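Please examine the sequence and the predicted model shown below.

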Amino acid sequence: MKSFFAVFLLPCQIMAQQALSESATPVRAGAPFWNQEAVQFQFAPAFDFKEVEGAKSYRFTLTPSSGEKLVFEDAKPNVPLSPVWTRVPVGKTTLKVEALDAGGAIMGEAMTRAFHRAAVFQSREAKVDQSWSESARTALDALVHSPDLRCWFTTGEIDEQFHLYRYPAKIIGAAASALAVYATQTPAPADSAEALQAARRAADTLLALCEPAESAWAFHPPTYHPTKFRERMQGHINPANYMTNCGAEAGRYCLDVHQATQDERYLKAAVRIAETYQKQQREDGSWLLFVTPKDGSAATDNVLVPTLVVEFLDHLAHTTKERRFDAMRDKAVAWIMRNPVRTWNWQGQFEDVKPLPPYENLTKHEACDFAIHLLNQTKVSPVEKTLSLDLLRFAEDQFVMWDQPPETRPGGQNDDGQATAKSKSWLLPCVLEQYRCYAPVCASSAKLIRTYLAAYRVTGDRLHLQKARALAGTLVRSQQNKKAPGRYLTWLMKSGGPTMWFNCELMAVRAMQELQQEDAAAP
């Protein structure tokens, strides 16, 4: 019995040591510094401390909330904390950097920064009573038969008590997609025909809301509902505004309905969305993020990080077997390489958070999307592999909570972020959405699961697979919540959190289905 446990624990111990050792390698060191608003670091950070004139060296002193101080010296004040990082305990840490003269005397005031030293991954098997695919099927069944989607089985009119329908492109589109995916499962559900008809109702409702042909953003669905939910339309959440990533998300949903129904109307809708992207693409390769859809004028000066457009165009090409939009997609990829890949400004682009200046509201979604895009290519170059793994580490560094979340959070939380910010109630391990909604969301876990799986397929490193499994285990546990039995909780909290965003649930279903395929093939 003793030898059995030794054999069983050894791989877990090796993976835990691997995770700790890898945490000493910084995500992105040197200018431009991207982490001024960051709360936590899992990988050794470096900060934008300026050199002091006449200084010969710098003393770094880390004072953790528990344990002894850790000290090292370097010729520069902005180097990574790698020399001592693996010895920094989890919890709040204060860093002090002092400039020293040739004799070792301190010059001027110390430069300081406080942060949370995040926990690294500790390998342990997720205890589940069913397969990942069975869990996904249960979640999809619970979502489709929930009150949230009941209107598509009956009147086809939005039930306004479910106020998230104020975001039509995302929420009506996700309803249509979820219904279509549910109806085409194998084995087929008993009510698959009814679900397919409901999917059509939702998709048709969305298409009826799209911009007219004479609009600058013709055939794109609205970000905000044009006639309903007026009491909730405040500030930037205004029917006169349009967030340009919505077309790509809705286009993907149209392709799901087309696949389920083989109705060319839905494929044509997706093609029209792509054609408008082609007309509106800027010379630099991207698009304005927030616009007035009628004339295309800018509502803010933010530029779209177009990973969703790239993903949508890839899906469209796979469906049509045509390459007519490849040049547009390649220009968008080139823009990503020239911009966020260089600046690391992976800014949040969410319809319920006003677009913000660089680095104030980072998220991992677009970074992970781009990593998945690169890793899923037929041939992945060494440069692309390295970049993809850096993007994955950035996402894990800033947004994955393996254990002991930070007590503090970034400022400027949106309403949902305020409601779900109490870290003591989070289901761990989990993944947070963005700085301005610093809370665990099932779609965020889904995005990391898919990115870990893409990395595992290319590298063969089982640590990536184990991390995906661990996050999936939390999704399964969330299905036991009595407030929404069977569903993947949007907010991965013990209480269940506030409103359910079923576009997020659908992302989790897709990730669990992908994990099942990869897990089944794993040695």
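In this predicted model, 5 strands form an open sheet of mixed pairing, in the order β1-β5-β4-β2-β3. Strands are DSSP runs of E with at least two residues, helices are DSSP runs of H or I with at least four, and both are numbered from the N terminus. Two strands pair if DSSP finds at least two bridges between them. Strands of a sheet pair through backbone hydrogen bonds, either parallel or antiparallel. The edges are taken by β1 (40–41) and β3 (70–74), each of which has a single partner strand, so one side of each is left without a neighbour in the sheet. Strands β4 (residues 91–100) and β5 (residues 106–117) run antiparallel and are joined by 9 bridges. Among the residues bridged to β5 is L95, whose partner there is R113.

As to conventions, residues are numbered from 1 along each chain as its sequence is written. Local features need pLDDT of at least 70, side-chain atom pairs count only at pLDDT 80 or more, totals for chains, interfaces and linings use all residues, and side-chain values use heavy atoms, with hydrogens and water left out.

The next topic is helix packing. Helix α5 (residues 168–183) packs against helix α17 (residues 502–521) at an angle of about 40°, their axes being 8 Å apart. Axes are lines fitted to C-alpha atoms, for helices over the stretch in contact, and angles run from 0 to 180 degrees between N-to-C directions. Contact means heavy atoms within 4.5 Å; on the α5 side, K170, I171, A174, A175, S177, A178 and V181 meet F502, N503, L506 and R510 of α17.

Helix α16 (residues 462–478) also packs with α17, at an angle of about 135° and with axes 11 Å apart. That makes α16 oblique to α17. Here L465, A468, R469, A472, L475 and V476 of α16 meet A508, M512, L515 and D519 of α17.

The loop between α16 and α17 contains T490. Is this residue, T490, buried or exposed? T490 is buried (under 20% relative accessible area; exposed is over 50%, partly exposed in between, with a 1.4 Å probe and protein chains only), because its relative accessible area is 1%. Leaving aside neighbours within four places in sequence, T490 is in contact with P440, V441, C442, T499, M500, W501, C504 and E505.

Terms used
Parallel < 35°, antiparallel > 145°, perpendicular 65-115°, else oblique.
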